[in-house]
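User: I'd like to learn how to read a model like this one, starting with the holes inside it. Can you walk me through them?

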Amino acid sequence: MSDAMLPASKPASAAVYKAGGVDLLDLMKEYLLQPARVVSVLNLPKMSSITESKDGVSLGALVTLAQLEADQTLRQRYVALAEAVAHAATPQLRNAATLGGNILQRPRCWYFRNEHFQCLKKGGTKCFANEPGAENKYHGIIGNQTCSAVHGSSVSTALVAYGAQVELQGPQGVRRVPLESFFVRPEQDVRRETSILPGELITEVLLPKPAAGTGAWYIKFGERESYDWATADVAVVLEQEGRRCHRASIVLGAAAPLPLRVPAAEAVLVGKPVTEETARAAALAAVADATPLEQNAYKVSVFQAIVRRAILKAAGLS
Ligand SMILES: Cc1cc2nc3c(=O)[nH]c(=O)nc-3n(C[C@H](O)[C@H](O)[C@H](O)COP(=O)(O)OP(=O)(O)OC[C@H]3O[C@@H](n4cnc5c(N)ncnc54)[C@H](O)[C@@H]3O)c2cc1C
């Protein structure tokens, strides 16, 4: 029997939360999860609203992607997030999918999703996507040595760029974590994508108020306009004084096992005016560490193109 045909582990968890159920029901149908109980959290109070305060905006974890898409405050002040949400999945899915569930969705790597492949995420000994001859067209190009599955949340690409925090409530109390550090790299723990603790609920996501002079943009590249995850996406948030950029946040989605900030690209812009030339140099720096797999070298040039375009758009130059 080949490694690929070993029976997959099917963790029998005691109980799981269900929000919109989009990913949870897929995981159950794929025999990756067999919970004894499914607890719907959809009717929990105070988690379904979008609230503005002097410090920013609080997004309840049960707010749907459709609610986020329709919100005019987000469209005006957090345009990269509004764009990311508007391009996620399909209108029907956005009506059901919640923000908390979106952040916690599991990767769509077909080796992980197929119960017959006992990959590292399921306690196996290898990443099948990294094997010679593997189907890895949609996999990661950066930080992909251990496991090359990418995170599916394009919404998180934008949230990380805005410096969002998640608030969690669980048996050990309430805690707030920057979303950027909530995600876990495969080298830390390949079996999970976030540091959520057993029994914890994401209650809200907090977006800081953007500084004056902030410009932002988001671009999703995919094989289809709808009903699909990103092949490559990017969110850019720039703070500018006049023409000079004094803070940049550039986050790549579908490039790595987590939404990935690229400090080397940000450093190219900081302290300089954004121009076609600096945008191009930052886009090159964004993928300088890429280690593409057999089938996904095309992603390097896709990221170069969309990072450059998103920087210019965020700076108001296109
Ligand atoms: C065809 C298709 C295309 C898609 N395209 C995109 C895309 O382009 N971009 C994108 O970002 N996403 C995309 N998605 C993913 C989709 O947006 C997510 O699956 C959805 O947002 C999950 O939300 P949910 O409320 O249904 O979560 P559920 O399926 O209910 O839950 C997902 C997980 O989160 C846990 N959970 C849910 N809410 C909480 C909470 N508040 N606290 C703690 N645990 C919780 C559940 O226990 C479960 O483990 C796509 C999905 C499909 C099917």
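**Holes, ligand and backbone**

Analyst: Take the largest cavity: its lining divides into 10 nonpolar residues, one polar and one charged. Nonpolar covers Ala, Val, Leu, Ile, Met, Phe, Trp, Tyr, Cys and Pro; charged covers Asp, Glu, Lys and Arg; the rest, Gly included, are polar. Keep in mind that this is a predicted model, where local features need pLDDT of at least 70 and side-chain atom pairs pLDDT 80 or more, while totals for chains, interfaces and linings use all residues. Numbering runs from 1 along each chain as its sequence is written, and side-chain values use heavy atoms, without hydrogens or water.

User: How many cavities does the search find, and which residues line the largest cavity?

Analyst: A cavity is a set of 1 Å grid points, over protein atoms alone, where a 1.4 Å probe fits but cannot get out; lining residues have an atom within 4 Å of a point. Its volume is the space filled by probe spheres on the points, which are joined across faces, edges and corners. Searching the whole structure turns up two cavities of 30 Å³ or more. The largest cavity holds about 70 Å³, and its lining includes Cys-109, Cys-119, Cys-127 and Cys-147, along with Phe-112, Phe-128 and Lys-121. The second largest cavity has about 40 Å³, lined by five nonpolar, no polar and three charged residues. Among them are Lys-121, Arg-192 and Glu-193, plus Pro-107, Pro-186 and Pro-257.

User: What surrounds the ligand, and what does an oxygen atom of the ligand contact?

Analyst: For neighbours, look for a heavy atom within 4 Å. Here 30 residues surround the ligand, the closest being Tyr-17, Gly-21, Leu-24, Thr-98 and Ser-154. By class, that shell has 16 nonpolar, nine polar and five charged residues. For polar contacts, look for N or O pairs within 3.5 Å (within protein, one must be able to donate a hydrogen and the other to accept it, and sequence neighbours count only side chain to side chain). A ligand oxygen sits 2.7 Å from a polar backbone atom of Gly-21. A backbone N or O atom of Val-22 is 2.8 Å from a ligand oxygen, and a side-chain N or O atom of Lys-220 is likewise 2.8 Å from a ligand oxygen. Elements giving two or more residues to the shell include strand E1 (15–18), helix H1 (22–29) and helix H8 (154–161).

User: Which residues other than glycine have positive phi, and where do they lie?

Analyst: Tyr-31 is one of them, with phi near 60°. Tyr-31 sits in the loop between H1 and strand E2 (37–40) and is partly exposed, because its relative accessible area is 41%. Lys-46, not a glycine either, has phi of about 65°. Lys-46 belongs to the loop between E2 and strand E3 (50–53); with a relative accessible area of 80%, Lys-46 is exposed.

Terms used:
Helix = DSSP H or I, 4+ residues; strand = E, 2+ residues; numbered from the N terminus. Buried < 20%, exposed > 50% of the residue type's maximum accessible area, 1.4 Å probe, protein only. 1 Å grid on protein atoms, 1.4 Å probe; cavity = no way out; pocket = protein on both sides within 12 Å on 5 of 7 lines; lining within 4 Å.
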